[in-house]
Amino acid sequence: MMEVKENLKFGQGLISGYVSVFLGIMALLGVICFKYPEWLTTPEFRAVYTGASMKILLTASIIAAMLFAILSFMLSRNKKWPLIGLLFITATIVVGGFDVDPRPVSNTRWHLGLDWLLLDLLLMAVIFIPIEMVFPKRKGQRTFHEEWRTDLVYFCVSHLLVQFFGIITQQPAKLLFGWMGLSGLHEWTQSLPFAIELLFAFFITDLAQYWTHRFFHTHHFLWRFHSIHHSTENMDWLAGSRTHFIDIFVTRSMAFVPLYVFGFSTLTFNVYIVFMAIHAVLIHSNTRINFGFLKYVFATPQYHHWHHCKNPNHYGKNFATIFPFIDMIFGTYYLPKNEWPEDTGLLEANFPKGYVKQAIYPFTKSPFDSDLEMEEYSKR
Ligand SMILES: [Zn+2]
Ligand SMILES: [Zn+2]
């Protein structure tokens, strides 16, 4: 297992070493996607990119991984990381990294979203790692803190199972409202000007999400699932991924209900999905960028970090994901001008660590188990 303890500083060859390992692994997995696209790529996503563009990206990743490995060799006394990087690059080339062939792909019943995982991870890493390094909120926080692997596992699982989550989160809306004749309402929604339709989609889903989220905080049994999301002590771009699968299922299902009922256009739906994918990462990230007056319009890292505050005096604030005014309406808004929470996480000692332990944790104890939890619960 890779053990990473050093704090990242420019010019030591460490960053270039990590980048070469990261790109080497990504390229190797990318080749595997080209080999087995029926099983490892998503049809909806294949409609967005082309095989040719992915081939260019793969070639660029292999070359970049090589260049970073060379740079790391020159800068660093520790040759471990560039060597590991080169190992992955060699493996990528041996399995055919430079001569993959995009081909027509027939749909299979089940598939994993490895393409979605790789592309989203690459994009998020490229956007947020530099932001966190240049404008960090907590300077002392290591990029590779002690639980980053746990958060990465959450990221991988939710992306690989994108088809499964997509199917099951649509079922409650279909079951509840599928029998109604909603085509008239759909026509009305889609006749709205695009900007209005989009803002309406953001508002109505955030409203549903707000109450679902609040419900997760106020009901003891549900809190056991949502507490996993709050267990992170190191807020960063990967931290938001730490969400129990029941939490993902319920929250996404409830947000999907208004999307289904109002029947938003495909464009609005796609913009919403892309916005949420980036915004959910942003609000957890370790950055002090405060977005000026926009922080009163859209949820920002400062806003959501207060939601994760460890101090019980500030529990039960900022449930909205997109619009702070929803919290204002329901009396749960909290955004002091330039203050940030001192710590994030849970008071509970010995909270389980690691994906598997956290996945079974909510099922292992009966509700109202300990006095401490009851005490915390009453404050929440
Ligand atoms: Zn919460
Ligand atoms: Zn959060």
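Predicted model: local features only at pLDDT ≥ 70, side-chain atom pairs only at ≥ 80, totals over all residues.
Residues are numbered from 1 along each chain as its sequence is written, while chains are lettered from A and ligands numbered from 1 in the order in which they are written.

Let us start with the whole protein. Its secondary structure comes to 17 helices and 0 strands; helices (H or I, at least four residues) and strands (E, at least two) are DSSP runs, numbered from the N terminus. The C-alpha atoms fill a box of roughly 55 × 50 × 45 Å along the principal axes.

Now for the inside. Of the 380 residues, 34% count as buried, meaning that 20 or more other C-beta atoms, placed from the backbone, lie within 10 Å of the residue's own. Some of these form nonpolar cores (sets of buried Ala, Val, Leu, Ile, Met, Phe, Trp, Tyr and Cys residues joined through C-beta atoms within 7 Å). The largest such core has 30 residues, and Leu-23, Ala-27, Ala-65 and Ile-89 have the most contacts inside it. Helix 1 (14-35), helix 4 (51-75), helix 5 (80-94) and helix 6 (114-134) each supply at least two of its residues, with the largest share, 12 residues, coming from helix 1. Apart from this core lies another, of 25 residues, including Phe-264 and Phe-319.

Note on methods:
Buried ≥ 20, exposed ≤ 12 C-beta atoms within 10 Å, placed from the backbone.
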